[in-house]
Amino acid sequence: MIKDILKDADARMHKAAEVVRNELIRIRTGKATTNLLDGIKVDYYGTQTPLSQLGTLSTPDIHTITVQVWDKSAVPLVEKAILNSNLGLNPIADGQLLRIPIPPLNEERRRDLVKLVKKHAEEGKVSVRNVRRDAIEHLKKAEKKRACFGR
């Protein structure tokens, strides 16, 4: 029973750390990475479709992301989804290819990013603390049960 509690706590802590890691990956740091576009969904024929399923994402250089859209009719939809993503990115359509320049960071944006990173880190710490607290409670209950039943 104790091993199960510890195993469950370990798995939940790893999940919490993974969530924080995924949130940090999505932060725009001035360097082009296709991970920036991971959370974008496109309304494609009435279905919210991930951007990665509508085209090929690549980074030809450190300041540009390109999206080669497979369906030409989806280009305006993809462009609109990127604009509405609140990432501050402005795609440039060139046929079926969208070029997304990544602007350099200014001082104000850097401060905002620091606040955002601290917020995500704190949420991760709280989550891990909650898992630890729950595991300790379960362990104490298991210990009481064992003491009551004399096992």
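**Exercise 1. Find the aromatic pair and say how its rings are arranged.**

Step 1. There is one aromatic pair to look for in this predicted model. Rings of Phe, Tyr and Trp (its six-membered ring) pair if their centres lie within 6.5 Å.

Step 2. Go to Tyr44 and Tyr45: their ring centres are 4.7 Å apart and the planes meet at 65°. Planes under 30 degrees apart count as stacked, over 60 as edge-to-face and the rest as tilted, so this pair is edge-to-face.

Step 3. Now check accessibility, where buried means under 20% relative accessible area, exposed over 50%, and partly exposed in between (1.4 Å probe, protein chains only). Tyr44 comes out buried at 19%, while Tyr45 is exposed at 67%.

A note on the ground rules: residues are numbered from 1 along each chain as its sequence is written. The model being predicted, local features need pLDDT of at least 70 and side-chain atom pairs count only at pLDDT 80 or more, while totals for chains, interfaces and linings use all residues; side-chain values use heavy atoms, with hydrogens and water left out.

**Exercise 2. Work out which residues join Arg12 in a salt-bridge network.**

Step 1. Side chains of opposite charge can pair when their charged atoms come close. The rule here asks for a side-chain nitrogen of Lys or Arg within 4 Å of a carboxyl oxygen of Asp or Glu, and the count comes to nine salt bridges.

Step 2. Start at Arg12, which bridges to Asp8 with the closest N and O atoms 3.7 Å apart. The two residues are four apart in helix α1 (residues 2-25), so about one helical turn separates them. Helices here are DSSP runs (H or I, at least four residues), and strands (E, at least two) are too, numbered from the N terminus. Arg12 is partly exposed at 31%, and Asp8 is partly exposed at 42%.

Step 3. Follow Arg12 to its salt bridge with Asp134, 3.2 Å from N to O. Asp134 sits in helix α3 and Arg12 in helix α1, so this pair ties together parts 122 residues apart in sequence.

Step 4. Look along helix α3 for Glu137 and Arg133, four residues apart, or about one turn. Their side chains form a salt bridge at 3.9 Å, N to O. Glu137 is partly exposed at 38%, as is Arg133 at 43%. Salt bridges with shared partners join Asp8, Arg12, Arg133, Asp134 and Glu137 into one network.

**Exercise 3. Describe the second largest pocket: its volume and its lining.**

Step 1. On a 1 Å grid over the protein atoms alone, a pocket is an open set of points where a 1.4 Å probe fits, with protein on both sides within 12 Å along at least five of seven lines; lining residues have an atom within 4 Å of a point. The volume, the space filled by probe spheres set on the points, is about 170 Å³.

Step 2. Eleven residues line this pocket, and the closest to its centre are Arg26, Ile27, Leu87, Arg109 and Leu116.

Step 3. Helix α3 (residues 107-149) gives the largest share of the lining, four residues.

Step 4. Sort the lining by class: four nonpolar, three polar and four charged residues. Nonpolar covers Ala, Val, Leu, Ile, Met, Phe, Trp, Tyr, Cys and Pro; charged covers Asp, Glu, Lys and Arg; the others, Gly among them, are polar.
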